[in-house]
Amino acid sequence: MTEFLDLEIQDSVRMPWNVLPGTKAHAANCAIPIAAIYTPLKTLPEATPLLPYSPLRCRGCRSVINPFSIVDFSSVNKIWICSFCLQRNHFPPLYQSISEQNFPAELFPQYTTIEYETPAPQPQDKAQPGSTNVFLFVVDTCVIEEELSFLKSAMLQVLGMVPENCLIGLITFGTYVHVHELGFGLIPKIHVFKGTKEVTKDQLLDQMGFFTKRPRPTTGVIAGVRDGLSQESVGRFLLPASDCEFVLNSILEELQKDPWPVPSDQRAARCTGAALSLAAHLLGACVPGSGARIMAFLGGPSTEGPGTIVSKSLSEPIRSHKDLDKDSAPHYHKAVKFYEALSKQLVHQGHVLDVFACALDQVGVAELKVAVEKTGGLVVLAESFGHSVFKDSLRCIFQAGDHDLGLASNGIFEINCSKDIKVQGIIGPCASLDKKGPLCSETVIGQGNTTAWKLCGLDKNTSLCIVFDVAKKESPDIVSQSANNQFYFQFLTYYQHSNGQMRLRATTLSRRWVAGPGIKDELISGFDQEAAAVVMARQVSFKMETEAEFDPIRWLDKSLIHICTQFGEYQKDNPSSFGLSPRLSIFPQFMFHLRRSQFVQVFNNSPDETAYFRMILNRENVSNSVVMIQPSLISYAFNSGPEAALLDVVSIAADKILLLDSYFTIVVFHGASIAQWRKAGYHELPEHQAFAQLLQAPRSDTDAIIRERFPVPRLVICDQHGSQARFLLVKLNPSATYNSDTQAAPGGDIIFTDDVSFEVFSDHLQRLAVQ
């Protein structure tokens, strides 16, 4: 596994197959697709230079020069040959001094990933929306007083962390939408819109008086200061943080809950869709193409106007998974259609939608998913605005230093690859730019039929799952063609760095392909089990959302049996002879936990929770995604240091503390004896220092995990046999249950479940694989 981690450090890429099947037939036999999980903005090794000039591109395919390009120093004008299309290109005069002893950085073999920065002209006025970031806060006031005070307190804290040159705007909504004019500091000035109907961009421009002092242009699109608006009119609604801090603090401190009365048999009238639509129009008119984020703070379901997810009457329950399966959710499709249109508008403008959903009820994350995911937005789901999951996650967005998110904006992602490879699509937070070409596969998955995608918002953990097709057909002489047995891939990410400069990151990969006899061992030698599990998880989540009557368990089982049949060592019809190479041995375990995970088992989760889990899975890197699929378990005891424990009920012991990290939740679980000693206060006595240290060790490790993670995970501290122990038990392999022959060890535990254990699962797998 270490060689794959080394490749990830250098190129930010993990691939299930690092030796590729050379033909279409061999690729189809592999069950797991040829794919790459790429993290475009992953922190590069310190030695990697930032090149202060534009990259050299091939005349034919527009790929960027890279260490795999062949350079001909013997010719008079020095030529380089593109590794993708074999086009011969002349070097420009800037490169005349290069020689075999004097290479430019982009040709160094270790710099397969390199970054270029092209200086952009800085805006003269700090209020000028050039390269500055814009934050438009959209705040739900249909919440109880206590929740509103929690939200105001969290927002007031982060306002001081916003960089001075960032522009800020504020919209509040309940029954009506209120757009606050921050540039008019003498008295509060608000523009009010009815929440029951959608407002167009033209209506917004007229009603908010954008053309009271200057005539409206008769032709063209009105878009920002360059196209029809005065700086003064934009500055009424979007002001630099340094100029509007006092006004914004005053508005937030005086903000009251929505004043409209709510009958006891009804929900509050909340017009979320209308508020988000207005926010998108306002940003589209004032700052198109800038790194702008709509940050929506939602405290309940939308019940009025566009994007409604449930009626006001409490007699109508909010849609469940069963309603969605039966197609009996009356508002669902209409709301999704509305948010799809909103996502297209935001992608066109280059703006991001972030959602902070904090309520015990559902707020409509399942419907909002399309808009958040296509714009690369962040999403946080918590029970309350007072919960640490919300407060700490919000702070993470604005903090600077080692643990900042590395937010970037306005990204465009392009792919180039060898002619025998085609791109099926991307599963992840991006939107297709419909750039069709010969590299597009006929089979489409996710955002496909294109070789370029828009990434409105991205950070240093944003990861895209790119799925490929092998187009090469089987032919008699394919084995003899081993002179050039490399497939090349190039990923180009053009984005606006947080410092305002535009950068291009180019990653070029080379992977060997094999065909003919001995292919099985070659493929296994390059198999990355963790990356394969994550690709399968993203695929199954995508299929569950897009394919009717899809059976995820059956699909996963068939794929796993196929892999074991293809790559296992066994005698036919003899299950006891079955064995897997160490390169494949953990993969069945990953599939066992994936089958039981919240991505596949939607029972006991709301559609909002399922959508949230899948959105995070679809944007995180391999190591984080593996923790979501198969949580890590660490055991702490008196006589040994922290050590990895089996994710099994047998790991529970009365005298141990267990730390479970399932990404969304961190559980510190005290065995029965440890809990009794803690309640007796032994850790406070000077003679029991060792016990105090034992209790502190998992808390210190937990703090380190929480600092590194976004969204901040929920922390559960529980005791054996306590009600919250369920957070741990649900993730463990049920090797000892109430009706199994295996008995719990003294001080151990059993699980009350009818789920099969991993041992039973393995036996069935072996029996089916050898048939």
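Student: Which residues form one aromatic cluster here?
Tutor: One aromatic cluster is formed by Phe137, Phe297, Phe356, Phe385 and Phe390. The model is predicted: local features need pLDDT of at least 70, side-chain atom pairs count only at pLDDT 80 or more, and totals for chains, interfaces and linings use all residues. Residues are numbered from 1 along each chain as its sequence is written, and side-chain values use heavy atoms, leaving out hydrogens and water.

Student: How many aromatic pairs are there in the whole structure?
Tutor: The search finds 35. Rings of Phe, Tyr and Trp (its six-membered ring) pair if their centres lie within 6.5 Å; planes under 30 degrees apart count as stacked, over 60 as edge-to-face and the rest as tilted.

Student: Why is the pair of Phe356 and Phe390 edge-to-face?
Tutor: Their ring planes stand at 80 degrees, with the centres 6.0 Å apart, so the pair is edge-to-face.

Student: And where in the chain are Phe356 and Phe390?
Tutor: Phe356 belongs to strand 15 (residues 352–358) and Phe390 to helix 11 (residues 388–398), so the pair, 34 residues apart, links distant parts of the chain. Helices (H or I, at least four residues) and strands (E, at least two) are DSSP runs, numbered from the N terminus.

Student: Are Phe356 and Phe390 buried or exposed?
Tutor: Both are buried, meaning under 20% relative accessible area, with exposed over 50% and partly exposed in between (1.4 Å probe, protein chains only). Other buried residues of helix 11 include Val389, Leu394 and Ile397.

Student: New topic: in what order do the four strands of the open sheet run?
Tutor: The order is 1-3-21-18, with antiparallel pairing; two strands pair if DSSP finds at least two bridges between them. Strand 1 (13–14) and strand 18 (421–427) are the edge strands.
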